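I wrote down what I looked up, in the order I looked.

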Amino acid sequence: MRRSLNFVFTVLFVMRVPDWNNIRFCSGLPASKGDRGPEDNDHMVRHHSYEEVLDFMDRVHRRCPDITHLYNLTGNPDTTVEGRRLAVIVISDHPERHEIGEPEFKYVANMHGNEVVGRELLLDLMRYMCDEYLTGNKDIQKLIKITRIHFMPSMNPDGWEKANRQVGAKSWLVGRANAQGIDLNRNFPDLNRIAYSHEGTASENNHLLRDAVINNAELAPETKMVIQWLMKIPFVSSANLHGGDLVANYPYDESRTGKAQEYTKCPDDATFRYLAHSYAEKHASMAKHHPKCDITDDDDFTEDGGITNGAEWYSVKRGMQDFNYLSSNCFEITLELGCNKFPEASDLIKYWNDNRDALLNYMWMSHIGVKGKVTNENGDPIADAVIHVKNLTNGEDIDHDITSAHDGDYWRLLIPGRYKVTACALPKYGCLSKEVTVENPDHSEAKEVSFILPRKNNLASDDDDEEFDLKQSVDDELHINEVRQLLADYYRNLAAKNK
């Protein structure tokens, strides 16, 4: 669950346009197509230790070697305080590399070590997808073919070990934090304060501090590894699996005014509600009336279909969900999977049955909206092109831009409607705009909207809709660069003072 004490910190490191294939492999057994996968009676009747989780992932990989890939997150250090790895399995038709135009998706579980349902669900899910792929399930095969999917069963394996050592009923808090006593969901850079100060100005509204991420002793090893992971891979969508309640939670988590409870919209509020509903409505009971997890009045989410704005529920500073949105292109929600954080092993089958369809449906959400490629007139990809969207249905600009990835490809999640999409790569290239209608048919790829950007001295347009005020855009870009430099200098000085 998201609730806990806040930990104050400051952090700073330098990142460039990434090579997302440069990630260390998880040590595993040789692949063999003849190996059997995890047995049905193995994955649903008990909780898995750290070593058993790694073994389970290895066996799934051996059963489906052509569509799976194992790796560990890296950082400085490359392990948790107690020496454990943050292991990930990829499921895709070409799992070892990013494919141009294919969105990257992730599920992260067990961020709080004593919230274990998500950890077991991801083991169930990887086994299920492997088996269904082999038996010819067309829907699963299509999802795997057009998506690169990453599952991290445990972000806090040290905390799980502490929680699991308890005899009898599990405490509400023991094992929540990592081995240093740090709540990992209060340990990310607080980009919300910067975003709120930029509202209504020409300053940056995305990838905040991408060029200056903080390096401070208060940043946990697990947090460092996840931040670098997020910067290496062009993730499009994500969910963070928690426990302690039953609701799909969406940004912003941190209130704008500092109030303990206050609905705090992000620029993509409508899209995040759409994403949260996509999970809640497919869950067996999340969107329906069900017993509340506690006796407070802020715990009944059924009036809004099983979803909640994070800050309206209660404000959370320095959480991973908002950090994903403000530091990258990734849209992340938080899933609370049930009242019991560490249920009996005999209850795990019910959790799987309740969540399976929702877990599968949410992965398809990485294909809503538009996608495309940004290139120059020679066909060369343009990385870091800015993609801006105006909602023509309501006439409002969406003040959160995303950027193209290393190969010039981009993905922009949107709800159904009419939009004007603008791509810019100043100062070397100009800007172009296109209008598009988004419909989001079920289990289909996003509508393709690609751009060939002219060099700045060769601007031309055959359509008024593709005209753009280049001088104003250049002025804004110069202002943004000045702001970025000021922020970088400020945080370097702050980090130096805190040493």
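**Entry 1: a buried charged pair**

I started with Asp183, which is buried, with a relative accessible area of 1%. Its salt-bridge partner is Arg186, and the closest N and O atoms of the two are 3.9 Å apart. I looked up Arg186 as well: its relative accessibility is 2%, so Arg186 counts as buried too. The pair belongs to a network in which salt bridges with shared partners join Glu115, Arg176, Asp183, Arg186 and Lys341. I note here that the model is predicted.

**Entry 2: the whole protein**

I then stepped back to the totals. The protein has 12 helices and 16 strands. Of its 499 residues, 58% are buried. I looked at contacts between residues at least 6 apart in sequence, and 79% of them join residues at least 24 apart. The accessible surface is about 20,100 Å², and carbon and sulfur atoms account for 48% of it. The salt bridges number 20.

In what order do the 8 strands of the open sheet stand? I read the order as 1-2-4-3-5-8-6-7, with mixed pairing. Strand 1 (68–72) and strand 7 (307–309) are at the edges with a single partner strand each, so one side of each has no neighbour in the sheet. From one strand to the next the twist averages 20 degrees.

I followed strand 3, residues 104–109, on both sides. It runs parallel to strand 4 (residues 148–152), and 5 bridges join the two. In this pairing Glu104 stands opposite Arg148, and Val108 stands opposite Met152. Strand 3 is also parallel to strand 5, with 6 bridges between them. There Tyr107 has Ala239 as its bridge partner.

Is strand 3 enclosed or open to the outside? I found 6 of its 6 residues buried, so strand 3 is largely enclosed by the rest of the structure.

Helix 8 (residues 269–280) lies across strand 3, strand 6 (245–250), strand 7 and strand 8, and it runs at about 35 degrees to strand 8.

I also looked up helix 10, residues 320–327. Here 8 of the 8 residues are buried, so helix 10 is largely enclosed by the rest of the structure. Among them are Met320, Asp322, Phe323 and Tyr325.

**Entry 3: Arg119**

I found Arg119 in helix 3. Which side chain of opposite charge is nearest to Arg119? It is Glu120, 4.3 Å away. A salt bridge needs a nitrogen within 4 Å of a carboxyl oxygen. Arg119 is buried yet has no salt bridge. I then listed its contacts, leaving aside neighbours within four places in sequence; they include His48, Tyr50, Ala109, Asn110, Pro153 and Trp160.

I went on to helix 2, residues 50–63, where Asp55 and Arg59 both lie, 4 residues apart, about one turn of the helix. Their side chains meet in a salt bridge at 3.1 Å, N to O. Asp55 is partly exposed, with a relative accessible area of 34%. Arg59 has 17% relative accessibility and counts as buried.

A second salt bridge joins Asp131 and Arg63, with the closest N and O atoms 2.8 Å apart. Asp131 lies in helix 3 and Arg63 in helix 2, so this pair ties together parts that are 68 residues apart in sequence. Asp131, at 16% relative accessibility, counts as buried, whereas Arg63 is partly exposed at 29%.

Strand 10 (residues 386–391) and strand 13 (residues 417–424) pair over 6 bridges. One of the bridge partners I looked up is Cys424 in strand 13, which pairs with Val386.

Note on methods:
Residues numbered from 1 in each chain as written. Predicted model: local features only at pLDDT ≥ 70, side-chain atom pairs only at ≥ 80, totals over all residues. Heavy atoms only, no water. Pairing = 2+ DSSP bridges. Axes fitted to C-alpha atoms, helices over the stretch in contact; angles between N-to-C directions. Contact = heavy atoms within 4.5 Å. Buried < 20%, exposed > 50% of the residue type's maximum accessible area, 1.4 Å probe, protein only. Lys, Arg positive; Asp, Glu negative; His and termini not counted. Areas by Shrake-Rupley, 256 points an atom, 1.4 Å probe, with all protein chains shown as cover.
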